[in-house]
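This report looks at pockets and strands. Keep the sequence and the model side by side as you read.

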Amino acid sequence: MAEILQIQHLSKTFGTNVVLRDIDFVVKKNDVTSIIGASGSGKSTLLRCINLLEDPTSGEIHFHGKDVVNGTVNEVAYRAKVGMVFQSFNLFNNHTVLANCMLGQTKVLKKKTEEAKQAAIFYLQKVGMEAYINAKPQQLSGGQKQRVAIARALAMEPEILLFDEPTSALDPEMVGEVLDVMKALAKEGMTMLVVTHEMSFAREISSHVVFMDEGKIAEEGPPEQIFANPTNLRTKEFLSRFTGK
């Protein structure tokens, strides 16, 4: 299967604080890779480095075989292909739902207004938010905002979507509606890299699970191995809090 992303020896420090240490893994087309681990283990920083929102201190990030860390890549064009859905939605509050889903298309992809509008409506329908095209973000629930954020990312037609704890800012009853959208995307073959505390999602939907501990990858593998038969003591300790075993 074709490799979309290859992370090699990636490290990130903030001053004397080492947040990521020698990270290596691969994301293949149609994979759903879940990154799990305790808060502060470097998961979100890893995603921000992959999306070039943070500059890695060292290492390489290959997108279709080309290193994007060396400053030669157009970051805006790259982010259109490597989309990101944030924990806090990051919607433009002064724009309608429809406009939020059109802006990137017209500014970055240079689509004509009508073409961008049709694509926005298509993806809003996909996430069940087409009835809210004229609403402003402050009129929506957290779950609705996150579904709009997913539609906005999809409208850019990315090759891979990065999700940074997409349900952690939501009330418990809203978590399910966002996870249902993500599960549907996974079934359609969307390549996804997901930082999550939702262990049932990671176990049921992932094709690959990465467990991070103190800025390192402590263990990775298929979900049935990670959840049923982890070999690393820290993985076992972490998962025992969720499984009760």
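## The second largest pocket

By class, five nonpolar, three polar and five charged residues line the second largest pocket. Nonpolar covers Ala, Val, Leu, Ile, Met, Phe, Trp, Tyr, Cys and Pro; charged covers Asp, Glu, Lys and Arg; the others, Gly among them, are polar. The lining has 13 residues, and Pro158, Glu159, Gly189, Met190 and Thr191 lie nearest the centre. The volume is about 210 Å³.

A pocket here is an open set of points on a 1 Å grid over the protein atoms alone, where a 1.4 Å probe fits, with protein on both sides within 12 Å along at least five of seven lines; lining residues have an atom within 4 Å of a point. Volume is the space filled by probe spheres set on the points, with grid points joined across faces, edges and corners.

## Basis of the model

The model is predicted: local features need pLDDT of at least 70, side-chain atom pairs count only at pLDDT 80 or more, and totals for chains, interfaces and linings use all residues. Residues are numbered from 1 along each chain as its sequence is written, and side-chain values use heavy atoms, leaving out hydrogens and water.

## The largest pocket

The largest pocket holds about 550 Å³ of space. Its lining has 20 residues, with Arg79, Met84, Phe86, Arg152 and Met156 nearest the centre. Helix H2 (75–81), E6, helix H3 (97–107) and H5 each give two or more residues to this lining. H3 gives the largest share, five residues. The lining divides into 12 nonpolar, five polar and three charged residues.

Helices (H or I, at least four residues) and strands (E, at least two) are DSSP runs, numbered from the N terminus.

## The sheet

Six strands form an open sheet in the order E6-E7-E8-E3-E9-E10, with mixed pairing. Strands E6 (82–85) and E10 (216–221) stand at the edges; each has a single partner strand, so one side of each lacks a neighbour in the sheet. Two strands pair if DSSP finds at least two bridges between them.

E8 (residues 191–195) pairs with E7 in the parallel sense over five bridges. Aspartate 164 has valine 195 of E8 as its bridge partner. E3 (residues 32–36) and E8 are also parallel, over four bridges. There, serine 34 is bridged to valine 194 of E8.

## Burial of E8

Which way do the residues of E8 point? Thr191, Leu193 and Val195 point one way, Met192 and Val194 the other, and all are buried. Buried means under 20% relative accessible area (1.4 Å probe, protein chains only); exposed is over 50%, and partly exposed lies in between.
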